[in-house]
Amino acid sequence: MHLPERFTPLWRPPPGAAAAARWFLFRGGSLLVRTSGSRLDVPEVAAGEAPPLPGEEIRCIGTWGETPCFAAQAGPGELPDGLTLAPLRALFDQLPDALLAIAGRAAQILDFDRTHRHCGVCAAPTELGDDGRARRCTRCEATSYPRIAPAMMALVTRTGPAGRELLLARGTRFNVPIYSALAGFVEPSESLEECVHREVREEVGVAVEHLRYFGSQCWPFPHSLMVAFLAEHAGGEIACDPGEIVDAQWFPVDRLPMLPHRLSVARKLIDFAVSEARGGAAPGLRGEAALRP
Ligand SMILES: [Zn+2]
């Protein structure tokens, strides 16, 4: 999920904006979308027109081309004809990728507002601060910025009996038999590299070396930043942590199981490793190029 090139992130509406506007309205974590034929779209209204539902806690989140984009909690009221609510995760392949990425930014900012209405220090109400980037306590002035949770992802590779192989695992949280790279949240005082070594050891019991940074990607469920690495197997047999991993195996690159969605950094990392194993990856190519749509 990458914001489109023509999107400019903002925290305040652009000056003199009286143009058409795109509305990312949420109710209970679901996004209001317009059905137009077989496709879904995010409602856009003409200059001076009201949003399709009244919004609360309205935020300008940027401009896409010339069009300001607003995020808000949808107020009460019946949905107008042709509009429906859907959880963001259900909109992969339903919404255009660009709109899905902008909706991810909208969801994160609204979630930040919703969960930081009161000060974590003294519990007094907060208000917007730092030109809209933060929430500041109205009593003690403690300031909070949107929380981003860094998580590492590691695709462990080796040259095994069947040539180049990838270590892919099925997590306990997947309810479909999808195999993916390993992932875990960075802990306090830990570097990304230390996190890779620890998580890989904890989840599947193997040691790794030769970490190579691949790329990063926002994952707004609810506010992760996935930082992906390639890592070479340095020793140890697979021993799964049953609390996290149902199954993990070495898969030859030409016999891969069901993989994650094409928009996930995990899939791009796996595709890159497969391409590299087949000699097709451009030397030096990393995520910045491989991750772009
Ligand atoms: Zn306070």
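Q: What makes Asp-130 count as exposed?
A: Count its neighbours: Asp-130 has 11 C-beta neighbours inside 10 Å. A residue is called exposed at 12 or fewer, so with 11 Asp-130 counts as exposed. Keep in mind that this is a predicted model.

Q: Where does Asp-130 sit, then?
A: Asp-130 is in the loop between strand 9 and strand 10. Its phi is near 45°, a positive value in a residue other than glycine.

Q: How do you know that strand 9 and strand 10 are paired?
A: Look at the bridges: 4 of them join strand 9 to strand 10 (residues 134-137). Pairing takes at least two bridges, so 4 bridges are enough for these two strands to count as paired. They run antiparallel. In general, strands of a sheet pair through backbone hydrogen bonds.

Q: Why are strand 9 and strand 11 called edge strands?
A: The sheet is an open one of 3 strands, in the order 9-10-11, with antiparallel pairing. Strand 9 (126-129) and strand 11 (143-144) each pair on one side only, and they are the edge strands.

Q: What makes Ser-189 exposed?
A: Ser-189 has 6 other C-beta atoms within 10 Å, and the cut-off for exposed is 12 or fewer, so Ser-189 is exposed. Ser-189 lies in the loop between strand 14 (182-185) and helix 2 (192-204). Its phi, near 75°, is positive too, in a residue other than glycine.

Q: Why is Ala-234 called partly exposed?
A: Ala-234 has 14 other C-beta atoms within 10 Å. Buried needs 20 or more and exposed needs 12 or fewer, so with 14 Ala-234 falls in between and is partly exposed. Ala-234 is part of strand 16. Leaving out residues up to four places away in sequence, Ala-234 touches Ala-207, Val-208 and Glu-209.

Q: How far is Ala-234 from Glu-57, in sequence and in space?
A: Ala-234 and Glu-57 are 177 residues apart in sequence, and their C-alpha atoms are 51 Å apart in space.

Q: How do you know that the length of helix 1 agrees with what it should span?
A: Helix 1 (residues 97-115) has 19 residues, and at 1.5 Å a residue it should span 27 Å. Its end C-alpha atoms are 27 Å apart, so the two values agree.

Q: Which residues of helix 1 are buried, and what covers them?
A: Among the buried ones are Leu-99, Leu-100, Ala-101, Ile-102 and Ala-103. The cover includes strand 1 (7-9), strand 2 (21-27), strand 3 (30-36), strand 6 (55-64), strand 7 (67-74) and strand 15.

Q: How do you know that the buried residues of helix 2 are on the same side?
A: The buried residues are Cys-195, Val-196, Glu-199, Val-200, Glu-203 and Val-204. They cover an arc of only 120° around the axis, so they lie on the same side of helix 2. There's a general idea behind this: an α-helix has 3.6 residues a turn, so residues three or four places apart point the same way. The cover over the buried residues of helix 2 includes strand 12 (149-160), strand 13 (163-171), strand 14, strand 15, strand 16 and strand 17 (245-252).

Q: What makes the bond between Phe-221 and Pro-222 a cis peptide bond?
A: Check omega: for the bond joining Phe-221 and Pro-222, omega is about 0°, and the bond is cis. Pro-222 has its place in the loop between strand 15 (207-219) and strand 16 (224-235).

Q: Which domains does the chain have, and how far apart are their centres?
A: The domain assignment gives domain 1 (7-115) and domain 2 (149-291). Their C-alpha centres lie 33 Å apart. The contact takes 7 residues from domain 1 and 7 residues from domain 2. On the domain 1 side, those are 2 nonpolar, 2 polar and 3 charged residues.

Methods. Residues are numbered from 1 along each chain as its sequence is written. This is a predicted model: local features need pLDDT of at least 70, side-chain atom pairs count only at pLDDT 80 or more; totals for chains, interfaces and linings use all residues. The expected span of a helix is 1.5 Å times one less than its number of residues. Two residues are in contact if their C-beta atoms, placed from the backbone, lie within 7 Å. The arc is that of the directions from the helix axis to the C-beta atoms. Domain bounds come from an automatic or database domain assignment. Ala, Val, Leu, Ile, Met, Phe, Trp, Tyr, Cys and Pro count as nonpolar, Asp, Glu, Lys and Arg as charged, and the others, Gly among them, as polar.
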